[in-house]
Amino acid sequence: MKKKIIIGVVIAGVVIAAVAFLLKGQGQSSSGGEVAYVESISTILGSSASSSDRFAGVVEAQDSVKVNKNQDKKVAELLVSVGDQVTPTTVLFRYDISDAQKEVDSINLDIEALTNDITDTRAQISDGRISGSNAVAIAENEIRSKQLQIQQKQLDLASKQKEIDGASVLANTTGTIKAINENPTDAQGNSVAYIEISQSGEFRVKGTVDENSIHSLTVGQEMIVRSRVDETKFWTGKITEIKTDPNVQQNSMYGFGSSSNSAESSSTYPFYISLDSSDGLMLGQHIYTELNTGTAVHRDGIWLDASFVMMDGDKTYLWVAGKNDRLEKREVEVGELDTDLYVYEIKSGVSEADRIAWPMENYKEGMATESFSMVGSDE
């Protein structure tokens, strides 16, 4: 299973720090002095772990091959059933060729008769039974006419023979029989294929989103596909298509606390995710899909957005709420910068219990600090 190493703190750091810190930044404390707003590292690391939009989904073939039948022909034999595995050489069904075979036999008899007539006429010309310039000319014209008839009969024969040879319809792909539709239209009157084959190989995910959440999805958006059985197993991909024609359903599953006896009507929309890898997934497997907000994988340790970290020569610092809730410029040890995610691992100097501030130009050591959790409280 191909996994992207994505750290929740990237989103958390940017959202909380960039918005909250920059909006609040340095303000006035309850006592009227300047204050730097801080938040615990544990809160920053865990802030993006809150419940995000999650949608139901199912694993399906990357595409379905549709096999149509000729409505002017009769199917003599259906050789597959739903669920059967097929290969390109698998015969799906055969057309009834009894009429075509009768026509072939009739055409062959006609050609034989015309050929015999031509042979007999030529013999009569040769042995003088047909003589005289006018009689010979008429006979030769008849020969040419019958030769043209034979050519046309041969074309008809080739057409009928092609029909017979093509009576067996092959799958022409590797996959699983998904559906067999005896009727050419569905209940809504839409045309449907006679046989649908789910192709083997790479899978895609079909998700369903309701009308309240559809605007949170866009084509090209990165998504996480998560196992319903083991949520540590996940796959990544991107939305390739969002259907905008709604499926209207009667929905009462959310009405547990409602006193109304009528079911509510809701619209759902299918969307499709192309996976970076489908290793470990099974066709028809039910999964969860969710926005990839950077919470796919937890990596041990403290990883902070690089904008929290201050550099001074070869030393690195964080603004930390220290003793007596006073701002402290604390030296920390950092690892290499993750250039993909723009995060540093903080190896030492702080713990998740420490409260830190987004760097501001006017910060100075000894400044009063105040936690975001206390902002706006009645205490």
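Let's start at asparagine 172, which sits in the loop between β8 (168–170) and β9. Strands here are DSSP runs of E, at least two residues long, and helices are DSSP runs of H or I, at least four residues long, numbered from the N terminus. Asparagine 172 is exposed, at 60% relative accessible area. Exposed means over 50%, buried means under 20%, and partly exposed lies in between, with a 1.4 Å probe and protein chains only. Its phi is near 60°, a positive value in a residue other than glycine. Most residues other than glycine have a negative phi.

A word on the source. This is a predicted model, where local features need pLDDT of at least 70, side-chain atom pairs count only at pLDDT 80 or more, and totals for chains, interfaces and linings use all residues. Residues are numbered from 1 along each chain as its sequence is written, and side-chain values use heavy atoms, with hydrogens and water left out.

Back to loops. Asparagine 324 is in the loop between β19 (315–321) and β20 (327–338). Asparagine 324 also has a phi near 60°, positive in a residue other than glycine. Is asparagine 324 buried or exposed? It counts as exposed, at 65% relative accessibility.

Now the whole chain. The secondary structure comes to four helices and 23 strands. Of the 379 residues, 38% count as buried. The chain exposes about 21800 Å², and carbon and sulfur atoms supply 47% of that. Those areas come from the Shrake-Rupley method with a 1.4 Å probe; for residues, only the protein chains shown count as cover. Next, contacts, meaning heavy atoms within 4.5 Å. Take the contacts with a separation of 6 or more: residues 24 or more positions apart account for 72% of them.

On to a pair of helices. Helix α3 covers residues 98–126, and helix α4 covers residues 133–165. Their axes come within 9 Å and cross at roughly 160°. So α3 is roughly antiparallel to α4. The cut-offs: angles over 145 degrees count as roughly antiparallel, under 35 as roughly parallel, 65 to 115 as roughly perpendicular, and the rest as oblique. The axes are lines fitted to C-alpha atoms, for helices over the stretch in contact, and angles run from 0 to 180 degrees between N-to-C directions. Which residues make up the contact of α3 with α4? They divide into 13 nonpolar, eight polar and 10 charged. Nonpolar here is Ala, Val, Leu, Ile, Met, Phe, Trp, Tyr, Cys and Pro; charged is Asp, Glu, Lys and Arg; the others, Gly among them, are polar.

Glutamine 149 is in helix α4. Glutamine 149 counts as partly exposed, at 37% relative accessibility. Glutamine 149 and threonine 115 are 34 residues apart in sequence and 10.0 Å apart in space, C-alpha to C-alpha.

Next, strand β10, residues 195–199, which holds serine 198. Serine 198 is buried, with a relative accessible area of 8%. Leaving aside neighbours within four places in sequence, its contacts include Ala61, Asp63, Thr174 and Leu283.

Threonine 185 is in the loop between β9 (175–180) and β10. Threonine 185 counts as partly exposed, at 38%. Not counting residues up to four places away, threonine 185 touches Asn190, Ser191 and Val192.

Last stop: isoleucine 356, in strand β22, residues 355–357. Isoleucine 356 is buried, at 1% relative accessible area. Isoleucine 356 and tyrosine 37 are 319 residues apart along the chain, and their C-alpha atoms are separated by 8.3 Å.
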